[in-house]
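Here is a short tour of one protein chain, written for someone who likes to check distances and contacts in a viewer. Have the structure open and follow along.

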Amino acid sequence: MYGSNMASITVSGAVSKGDALGVSSGEFARALATVSSVVQMRCVAAKDGIDGETIDAYFGPTIISGARFSGATAGGAVYVAEGTSNGKYTQTAPSTTGDANTIVGYALSPTIFVLIPNFNTDTVA
């Protein structure tokens with residue numbers, strides 16, 4: 001993983017390296033697209049962290065790859081996942097009214113994503 005515009009943040013809840021993070025109740029937490037609990041992506045976790053820990057995060061373009069992705073369509077848009085997949089990514093646009101459907105990046109290959117936090121205006125379905 002490689003990213004730009006690194007800054008230190010304090011996280012709420014456990015996070016994993018590469019997780020999409022956003023602000024919920026004034027604290028950085030794993031992002032989620034689900035209507036009842038939308039947390040729009042603001043950065044990418046640069047390392048694992050536990051509740052209350054200060055970690056580094058990327059606020060600029062970030063290249064991420066590995067086991068968390070497989071079968072992506074190169075060139076396709078990437079979104080924050082919904083349901084119970086906090087901090088994860090999907091290529092399926094969330095479509096329930098009120099879901100966050102902001103494009104947060106693009107797939108370079110089936111296993112490599114370029115994520116661009118804060119590039120697009122927050123949108124909902």
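## Charged pairs

Asp 19 is buried, with a relative accessible area of 1%. Please keep in mind that this is a predicted model. Which residue does Asp 19 meet in a salt bridge? The partner is Lys 88, and the N to O distance between the two side chains is 3.2 Å. This pair links distant parts of the chain: Asp 19 sits in the loop between β2 (6-10) and β3 (20-24), Lys 88 in the loop between β8 (77-80) and β9, and 69 residues separate them. Whereas Asp 19 is buried, Lys 88 counts as partly exposed at 30% relative accessibility.

The count of salt bridges comes to 2. Another one joins Asp 122 and Arg 42, with the closest N and O atoms 2.6 Å apart. Asp 122 is partly exposed, with a relative accessible area of 34%, and Arg 42 counts as partly exposed at 25%.

Here are both salt bridges in brief.

Now for the strands. An open sheet is formed by 6 strands, in the order β1-β7-β11-β10-β8-β9, with antiparallel pairing. Its edge strands are β1 (2-3) and β9 (89-90), each of which pairs on one side only. Between β1 and β7 the antiparallel pairing runs over 2 bridges, and Tyr 2 stands opposite Ile 63 in β7. In general, the strands of a sheet pair through backbone hydrogen bonds, in either a parallel or an antiparallel way.

Strand β7 (residues 62-65) also holds Thr 62. Is Thr 62 buried or exposed? With a relative accessible area of 1%, Thr 62 is buried, because that value is under the 20% limit for buried residues. The side chain of Thr 62 reaches the backbone oxygen of Gly 60 at 2.9 Å. Leaving out residues up to four places away in sequence, Thr 62 touches Met 1, Tyr 2, Gly 3, Val 44, Phe 113, Val 114 and Leu 115.

## Nonpolar cores

Phe 113 leads us on to the nonpolar cores. The largest core has 14 residues, and the members that touch the most others are Met 41, Tyr 89, Val 104, Phe 113 and Leu 115. At least two residues of this core come from each of β5, β8, β10 (103-109) and β11. Beyond four places in sequence, the contacts of Phe 113 include Ile 63, Ile 64, Phe 69, Ala 72, Val 78, Tyr 89 and Tyr 106. A second, separate core has 9 residues, among them Val 11, Cys 43, Ala 45 and Ile 55.

## One aromatic pair

How many aromatic pairs does a search of the whole structure find? The search finds 1. Phe 28 and Phe 59 form this edge-to-face pair, with 6.0 Å from centre to centre and 85° between the planes. Phe 28 belongs to strand β4 (residues 27-30), while Phe 59 lies in the loop between β6 (54-58) and β7, so the pair links distant parts of the chain, 31 residues apart. With a relative accessible area of 19%, Phe 28 is buried; Phe 59, at 25%, is partly exposed.

## Two loop residues

Thr 34 lies in the loop between β4 and β5 and counts as buried at 17% relative accessibility. A polar atom of the Thr 34 side chain lies 2.6 Å from the backbone nitrogen of Gly 83. Apart from neighbours within four places in sequence, Thr 34 is in contact with Glu 82, Gly 83 and Asp 99.

Ser 70, in the loop between β7 and β8, counts as exposed at 65% relative accessibility. Ser 70 touches Pro 110 and Thr 111, not counting residues up to four places away in sequence. From Ser 70 to Ser 109 there are 39 residues in sequence and 9.1 Å in space, C-alpha to C-alpha.

Technical notes: Residues are numbered from 1 along each chain as its sequence is written. This is a predicted model: local features need pLDDT of at least 70, side-chain atom pairs count only at pLDDT 80 or more; totals for chains, interfaces and linings use all residues. Side-chain values use heavy atoms; hydrogens and water are left out. Helices (H or I, at least four residues) and strands (E, at least two) are DSSP runs, numbered from the N terminus. Buried means under 20% relative accessible area, exposed over 50%, partly exposed in between (1.4 Å probe, protein chains only). A polar contact is a pair of N or O atoms within 3.5 Å; within protein, one must be able to donate a hydrogen and the other to accept it, and residues adjacent in sequence count only if both atoms are side-chain atoms. Contact means heavy atoms within 4.5 Å. Two strands pair if DSSP finds at least two bridges between them. Rings of Phe, Tyr and Trp (its six-membered ring) pair if their centres lie within 6.5 Å; planes under 30 degrees apart count as stacked, over 60 as edge-to-face and the rest as tilted. A salt bridge is a side-chain nitrogen of Lys or Arg within 4 Å of a carboxyl oxygen of Asp or Glu. A nonpolar core is a set of buried Ala, Val, Leu, Ile, Met, Phe, Trp, Tyr and Cys residues joined through side-chain atoms within 4.5 Å.
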